[in-house]
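Open the model in your viewer and show it as a cartoon. Keep the selection panel at hand.

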Amino acid sequence: MRDPVTHFVGGKPWTQGAARQGPLYDPTTGENSAMVDFASAADVAAIVEVASAASASWKNASLAKRTTIMFAFRQLLHERRDELAAVVSAEHGKVHSDALGEVQRALEVVEFACGIPSAMKGGFSENVSTDVDSYSIRQPLGVVAVISPFNFPAMVPLWFVPIAIACGNTVVLKPSEKDPSASVMLAAWFAEAGLPDGVFNVVHGDKEAVDALLTNPTVKAVSFVGSTPIARYVYETGTAHGKRVQALGGAKNHMVVLPDADLDLAADAAVNAGFGSAGERCMAISMVVAVDPIGDQLVAKIAERVREIKLGKDMGPLVTEAHRDKVSSYIDAGVQSGAALVVDGRSEQAREGFWLGPTLFDHVTPQMSIYTDEIFGPVLGVTRVAGYDQALELVNSTPYGNGTAIFTNDGGAARRYQHEVEVGMVGVNVPIPVPMAYYSFGGWKSSLFGDTHAHGAEGVHFFTRGKVVTSRWLDPSHGGINLGFPTHT
Ligand code: NAD
């Protein structure tokens, strides 16, 4: 076993140990590869204090200093992307090429944060009244917390951490206890890039650590990503304790295929978006909506491609045994509820490790649990509808609203869909429409609690608060008593 993974606090690894630990696994073999320390509520309080102490000087660090550090970190991340991807793969199980893609998308947020002087610029209006000027500035919040899920152990923390830091905040990150090592590596690299001690801290743990962050009065904002029930809980608890909260939740993303679409390209896209990262992506496509009359043809093309997927090369195992078993039980439930099982991945469970083969269902209906629930595994369903209106109604009636895609060559239909669909991120012939770092990432409905999306302008807004200054330089002509409400002259 490797050494235990511990917290990273005040620029160095924590030395105070932990009363509780959790296991880490190599999902490809199922071996217990290491243990991770779990913080107690008292540990979290101490770590928040470290972040708070660092905040006093970091909030006043010049933009030049902040960007110099961010550029240096960007360089380290770029040079060491293979190393980080290897750590992600070892604990998460995703294949190396996929982990490298995750690191690339994370790097783009760091690059966005390098431009923070432009992103934080305020406005200035001269002579709003005679000799009076007004200007707006944005200032950091203080200590902010980031709580992240297992499925993107590098990218999701980096959706928030670089922007929070560049805006002048100090950060306590609580990564997933299933794959925590990437976070520690990132914190060590930030320190190497010149970030002062205590500006970026990592605390490991479970509900006890999360609750300690959500109720700590020094923590001013919480960025959370995870499943919908926990996102709702984090939003309600955090806001009840006076914090600004953005809590991104789960998803059930539909890909609508209209009859005029190129079915080969649509089948490629459905398979890539359904089975990449073994379906453990919040932007994975889990339902294909085939608009009559192309259903049979499309299913045949998807099935042909699914059978070609090579385990270990194209697709890794699932993250834990419990999660693999849960996903597998959905396949049992799908069969029992009468869906047509076109490709069955369950035979791969016989291997050592947390494997499950890619699985395809046809004739899925909205009453089935494989339709209603976020399975978060390599299980793709196809449902059939008579026309565009029925497809739209189906997508809009799901409780989630993270991502969706439409495949068509009809520009008018695509435009109508992007206008009418109640989903936060829409792809037109793009199956996984994850916005670039300079746009903002977030879903609608039960896929997001709070009204601020991640990164881009909304990320900068989330991690800062606004102030407007109205100023004049007095001279004797400004004297005199006037109790009236100030108006412009
Ligand atoms: P999860 O909700 O189980 O865990 C997320 C975080 O919450 C972890 O840090 C975990 O330690 C903590 N947590 C878990 N249970 C808790 C509890 N009872 N009280 C307090 N904290 C708790 O999610 P996961 O399984 O790690 O990740 C997968 C989920 O995340 C999927 O639902 C996926 O759709 C979602 N996700 C959403 C997005 C998005 O942008 N909307 C992105 C990635 C993942």
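The tour below goes from the domains to single helices, then to the sheets.

**Before you start**

This is a predicted model: local features need pLDDT of at least 70, side-chain atom pairs count only at pLDDT 80 or more, and totals for chains, interfaces and linings use all residues. Residues are numbered from 1 along each chain as its sequence is written.

**Stop 1: the two domains**

Colour 8-249 + 447-469 as domain 1 and 253-428 as domain 2. These bounds come from an automatic or database domain assignment. The domain centres, taken over C-alpha atoms, are 31 Å apart. Now select the contact: domain 1 gives 15 residues and domain 2 gives 21 residues. Two residues are in contact here if their C-beta atoms, placed from the backbone, lie within 7 Å. On the domain 1 side, the touching residues are 5 nonpolar, 7 polar and 3 charged. Nonpolar covers Ala, Val, Leu, Ile, Met, Phe, Trp, Tyr, Cys and Pro; charged covers Asp, Glu, Lys and Arg; the others, Gly among them, are polar.

**Stop 2: helix H7**

Select residues 181-192, helix H7. Helices (H or I, at least four residues) and strands (E, at least two) are DSSP runs, numbered from the N terminus. Which residues of H7 are buried? Ser 181, Ala 182, Ser 183, Val 184, Met 185, Leu 186, Ala 187, Trp 189 and Phe 190 are. That makes 9 of the 12 residues of H7. Buried means that 20 or more other C-beta atoms, placed from the backbone, lie within 10 Å of the residue's own. The cover includes helix H2 (63-79), helix H3 (81-92) and strand S8 (170-174). Step just past H7 to Gly 194, where phi is positive, about 110°.

**Stop 3: helix H8**

Move to residues 207-215. The buried residues of H8 are Ala 209, Val 210, Ala 212, Leu 213 and Leu 214. Among the elements that cover them are helix H1 (41-58), strand S10 (219-225) and helix H9 (228-240).

**Stop 4: the three-stranded sheet**

Show S5, S6 and S22: an open sheet of 3 strands in the order S5-S6-S22, paired antiparallel. Strands pair if DSSP finds at least two bridges between them. The edges are S5 (124-129) and S22 (464-471), each pairing on one side only. S6 (residues 132-140) and S22 share 8 bridges. Zoom in on Gln 139, which stands opposite Arg 465 in S22.

**Stop 5: the seven-stranded sheet**

Next comes an open, mixed sheet of 7 strands, ordered S14-S15-S16-S13-S12-S18-S19. S14 (340-343) and S19 (425-428) each have a single partner strand, so one side of each is left without a neighbour in the sheet.

Pick S16 (residues 379-385): 6 of its 7 residues are buried, so S16 is largely enclosed by the rest of the structure. S13 (residues 285-291) runs parallel to S16 over 5 bridges. There, Val 289 has Thr 383 as its bridge partner. S15 (residues 359-362) also pairs with S16 in the parallel sense, over 3 bridges. Leu 360 faces Leu 380 in S16. S12 (residues 253-257) joins S13 in parallel through 5 bridges, and Met 255 stands opposite Val 288.

**Stop 6: helices on the sheet**

Technical notes
The expected span of a helix is 1.5 Å times one less than its number of residues.
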